[in-house]
Amino acid sequence: MGQERRVHASGTTFITGKGDMKYLGLVAAGAALMIATAAPASAQQSTLDAVKSKGFLQCGVNTGLPGFSAPDSQGVWRGLDVDLCRAVAAAVLGDANKVRFTPLTAQQRFTALQSGEVDILSRNTTWTMSRDASLGIDFVGVNFYDGQGFMVPRKLGVKSAKELNGASVCVQPGTTTELNLTDYFRANNMQFTPVVIEKLEEVTGAYFAGRCDVYTTDVSGLASTRMAQAPNPNDHVILPEVISKEPLGPSVRQGDDRWADIVKWSFYAMLEAEELGLTSKNIDEHMNSQNPAIQRFVGATGDFGKMLGIDNKWAYNIIKQVGNYAESYERNIAPLGIERGINKLWKDGGLMYPMPIR
Amino acid sequence: MASRPQVARRPPTAGVNLSLNNPTIRAILYQIVVVGAVGLVIWYLVSNTIENLETRRIATGFGFLDREAGLPIGESLIPYSPADTYARALFVGLLNTLRVALIGIVLATLLGTIVGIARLSSNWLVAQAARVYVEMLRNLPLLLQLLFWWTLFRDLFPGPRQALAPLPGVFLSNRGVQLPAILWQPGYGYVLGAFVVGVGAALAVRRWAKRRQALTGQQFPVLWTSLALIFGVPGITFLAIGAPFALERPELRGFNFAGGMTLTPEFAALLIGLVTYTAAFIAEIVRSGILAVNQGQWEAALALGLRRGQVLRLVVLPQALRVIVPPTTSQYLNLTKNSSLAVAIGYPDIVSVANTTLNQTGQAIEGIAIIMAVYLTISLSISAFMNWYNRHIALVER
């Protein structure tokens, strides 16, 4: 009896063993599949194809900086950085409204771009060498030349940034602002207490509540904050010192040169249109212009759009739907009380110089 | 047919059956396959990540730790300036995390125990107040509470020039609480030494008194003797070296207070938020621990002639602690991990510093790895200590 049972037991063991063998084979096949997929992991779809196939552009913008990117009362995103994204959408998809915006904090922005969460980072980001060289991103232009400044309550009676020794300074982390701030105070042999808060609303809130004596960021950002958030904008002074160069511009992932070209030339198109005198209102009248530069611009002659792999009327779409740089500036930045200054066209004495479309 | 009984008769240990029929061989094989599969998945993820980082030309490695940080940190337990390295900046952040976690754990335990006992009070008002406290605090999101405390500090108190001065040398403003600092005097080393001696002597007296009571039944006023030793010995030493004492009072200089000690609104908000929130959970644990001790234990102990205080200390608490300690450990771990919410209100803890670091250097994976290593180390250390303590108080069966 015992023997028989033993035989029986070994028989069942054998059967389950066979079943497990099948399972084993499955695991081995799965592992082999994994090895196979691991090898060509670097082959990536181009951003242009990805944007075309999903039908919209994913654009990383500031969480709320009036003038650059902020939702209006209807929840529509408005601003200079927003317009740039709309221009790219108009060029690539023919519709400036096919953009989805991802609001990003200063700390999230580069990771969002690196990981492919956004197709463009257009979020008042300073072009620096270390960012260009080590973050795996490429800056493609400068859509606003800025500099860092300080804002203080008028009642403190401070006239110059040199008088700020010992002050508490509100600043956002992960920005060039933070580094310039320490450099400036070190260079002038002054002490300060940093109050470092990530969210823009929290850091400006802390400043207006008096938690810090000074708020520092780019001068345009100071003006924007003062206009939008101060109970009485006249109570706050922006000090005359501009302590750094802050070229703000859009960036894309490194390694997709075609996409970088598209963003770059979409921006140049906005500048070129201003130079040619083309606006969203008059561009239709210029469709039959005899000016060869305008003919090239609107796509009547040449294959400039096709060279980028997009519609030949790409520049027309940008200007018709978004407008030229001056229109965007007047709409977004001028209401903050910021003069055009160095952001004028080169022929008007500014730094904005579009490369020729030819 | 004849061979089969022979196989069956063979003792199982002597067999060298290398086929899949052998359960041991099979088990080992499965383990190898599973470990291999897990290894493959990890290898796939790691190699894929490295490859992607390389194709996107994103810098890797921990070399950035030796570079100059340049980032300002608001409060630090050790000397720090933006000219120091990233490694030191991260260490400053780590110390800030440990500071808030350790002080928070001590205070949350005290507050939680008090509230937990209050909930069991026979006084209706006290019990209900404790109940409202527990239900309010543990049912609101912690982040909300932290922002509440921080905003309260920020908006309730005046600016530094109009600071409230409830006591001489103490100032309350939206820059925090300024306290006078006791300046270190040369003789304080002796006082510290005397304190250690006093604690040692108190422990020795306690041991001696316990043994004497066990042998003779005579009691000795251990508590009073201990207090006298712990505070008396350093006190006499302090007087003996001539009572040197100097205060550094905070003074308003320019924009801010200088000198003395500062309790920043960020630290205060984080500490208060963490303590009150965690204490609500600890209160419930303490209550359940006390309720878990059978009423008969009280009655029996009282019948033996023990006083109420003695019953609590010698009979009820040792039993309640066995119920209380394991879940309290989880609360300590929660408090430590929740301290990472500091980033929302601008307290420079390890997460805040590491976040800025990874943003300045662009090396997110390394930054996150550092944060994970730090929390894992802290949490496992707390667990190890609490497990040791749990074994220490466990019922010893004789």
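**The sheet, and then some**

Modeller: Happy to! In chain A, an open sheet of five strands is ordered S10-S9-S11-S8-S12, and the pairing is mixed. Strands here are DSSP runs of E with at least two residues, helices are runs of H or I with at least four, and both are numbered from the N terminus. Two strands pair if DSSP finds at least two bridges between them. This is a predicted model, where local features need pLDDT of at least 70, side-chain atom pairs count only at pLDDT 80 or more, and totals for chains, interfaces and linings use all residues. Residues are numbered from 1 along each chain as its sequence is written, while chains are lettered from A and ligands numbered from 1 in the order in which they are written.

Biologist: Which strands stand at the edges of the sheet?

Modeller: Strand S10 (192-196) and strand S12 (236-238) of chain A do; each has a single partner strand, so one side of each is left without a neighbour in the sheet. On average, neighbouring strands of this sheet are turned by 30° against each other, direction ignored. Axes are lines fitted to C-alpha atoms, for helices over the stretch in contact, and angles run from 0 to 180 degrees between N-to-C directions.

Biologist: How many bridges join S9 to S10 in chain A?

Modeller: Five, and strand S9(A) (residues 167-171) runs parallel to S10(A). In that stretch, Ala167(A) stands opposite Phe192(A).

Biologist: And what packs on the sheet?

Modeller: Helix H6 (residues 176-187) of chain A does, touching strands S8 (148-153), S9, S10 and S11 (214-218) of chain A, with its direction at about 160° to that of S9(A). Helix H7 (residues 200-208) of chain A lies across S9, S10 and S11 of chain A, at about 155° to S9(A). Contact means that the C-beta atoms of two residues, placed from the backbone, lie within 7 Å.

Biologist: New topic: which side of phi does Asn124(A) fall on, positive or negative?

Modeller: Positive, about 20°, although Asn124(A) is not a glycine. Asn124(A) lies in strand S5 (residues 120-126) of chain A.

Biologist: Buried or exposed?

Modeller: Asn124(A) is buried, with 28 other C-beta atoms within 10 Å. The cut-offs: buried is 20 or more other C-beta atoms within 10 Å of the residue's own, exposed is 12 or fewer, and partly exposed is in between, with C-beta atoms placed from the backbone. Over in chain B, Ala243(B) also has a positive phi, near 50°, but Ala243(B) is exposed, with 10 other C-beta atoms within 10 Å.

Biologist: How many residues of chain B are in contact with chain A?

Modeller: 44 residues of chain B, in contact with 47 of chain A. Helix H2 (23-55) of chain B is among the contributing elements, and H2(B) gives the most to that side, with ten residues.

Biologist: Where is confidence lowest in chain B?

Modeller: In H1(B), at a mean of 51, while helix H4 (residues 124-138) of chain B is highest at 95. The score is pLDDT, the predictor's confidence in each residue, from 0 to 100. Where pLDDT is low, the predicted coordinates should not be read in detail. Chain B has a mean pLDDT of 87, with 95% of its residues at 70 or more.

Biologist: What ipTM does the complex get?

Modeller: The predictor gives the complex an ipTM of 0.73, along with a pTM of 0.77.
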